Amino acid sequence: MTERVDFAQRYATGQIPWDSGIPDEELVRLLDDGKLTGQTVLEIGCGTGTNAVELARRGFQVTAIDLVGQAIRSARDKARRANATVEFRVGNVLNDGVGGPYDILFDRGVYHGLRLDDLKGFQELLRRVTRPGSWWLSLAGNANEKRDGEGPPVVTEQEIRAELGPLFDIVELREYRFTTNQNGFRPLAWSILMRRK
Ligand SMILES: C[S@@+](CC[C@H](N)C(=O)[O-])C[C@H]1O[C@@H](n2cnc3c(N)ncnc32)[C@H](O)[C@@H]1O
């Protein structure tokens with residue numbers, strides 16, 4: 001079992017290895033391939049907003065939420081500098097109204113943590129913010145790599161299929177590596193492309 005992460009403290013002390021500063025390569029690949037169709041996007045746990053800004057830059061209408069005010073302040077600055085419009089919100093996605101349903105849901109490094117805190121609450125959220133046909137791209141830590149301590153929480157293929165399969169068709173399940181802000185540290189990850197049943 002992974003320890004609960006104090007995200008506010010992680011941002012306050014700069015211990016945020018996930019914050020690579022570049023759009024995630026899997027998100028970019030699927031956008032370039034035209035796989036994520038629609039107009040409206042909800043990003044859950046957007047951190048400092050790099051991917052939300054990339055989505056807005058490509059013409060999507062983006063709502064992005066994070067628990068941590070400091071992260072959202074950085075995200076707003078990033079959007080301003082990029083001349084991109086994103087509706088950023090500070091809050092807990094499990095409790096705060098985030099509207100929807102959305103055409104596309106995106107998370108990088110959030111499903112793999114929230115499933116440990118409140119899987120049922122997270123599954124209920126997924127149902128609320130999507131409709132049949134909505135896409136979801138989730139990027140998550142991958143249990144197929146043994147690591148000591150450092151790195152994201154991990155999930156197995158079996159867990160993904162059991163937890164997400166009832167509500168979503170799993171369209172693509174690929175292994176890749178997260179890019180971090182630590183040179184050479186690239187933990188194994190899952191790229192999970194899903195479509196709401
Ligand atoms: C591993 S970080 C990834 C951040 C960002 N997606 C990225 O790739 O840089 C997980 C993020 O999810 C946020 N988060 C965790 N639980 C959340 C919740 N219940 N509601 C909103 N945000 C949450 C954290 O504050 C943190 O910024």
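This briefing describes the fold, the surface and some local features of one protein model. The model is predicted, so that local features need pLDDT of at least 70 and side-chain atom pairs count only at pLDDT 80 or more, while totals for chains, interfaces and linings use all residues. Residues are numbered from 1 along each chain as its sequence is written, and side-chain values use heavy atoms, with hydrogens and water left out.

**Overall fold**

- The protein contains six helices and seven strands, where helices (H or I, at least four residues) and strands (E, at least two) are DSSP runs numbered from the N terminus.
- Along the sequence these elements follow the pattern α-α-β-α-β-α-β-β-α-β-α-β-β.
- The radius of gyration, taken over C-alpha atoms, is 15 Å, close to the 16 Å that the globule rule gives for 197 residues, so the protein is as compact as a globular protein of that length; the rule is 2.2 Å times the number of residues to the power 0.38.
- Taken along the principal axes, the box filled by the C-alpha atoms is roughly 40 × 40 × 35 Å.
- Among contacts (heavy atoms within 4.5 Å) between residues at least 6 apart in sequence, 72% join residues at least 24 apart.

**Burial and surface**

- Of the 197 residues, 49% are buried, a term that means under 20% relative accessible area, with exposed meaning over 50% and partly exposed in between (1.4 Å probe, protein chains only).
- The protein exposes about 9600 Å², of which carbon and sulfur atoms supply 46%; the areas come from the Shrake-Rupley method with a 1.4 Å probe, and for residues only the protein chains shown count as cover.

**Helix α2 and its ends**

- Helix α2, residues 25-32, has Glu-26, Leu-27, Arg-29, Leu-30 and Leu-31 as buried residues, and what covers them includes α3 (50-57), β4, β5 (135-141), β6 (168-177) and β7 (188-196).
- At the start of α2, a side-chain oxygen of Asp-24 reaches to within 2.8 Å of the backbone nitrogen of Glu-26, whereas just after this helix Gly-34 takes a positive phi of about 70°.

**Backbone features in loops**

- The peptide bond from Gly-100 to Pro-101 is cis, with omega near 5°, and Pro-101 is found in the loop between β3 (86-90) and β4 (104-108).
- Asn-83, a residue other than glycine, has a positive phi near 60°; this residue lies in the loop between α4 (69-82) and β3, and at 75% relative accessibility Asn-83 counts as exposed.

Definitions and conventions: A polar contact is a pair of N or O atoms within 3.5 Å; within protein, one must be able to donate a hydrogen and the other to accept it, and residues adjacent in sequence count only if both atoms are side-chain atoms.
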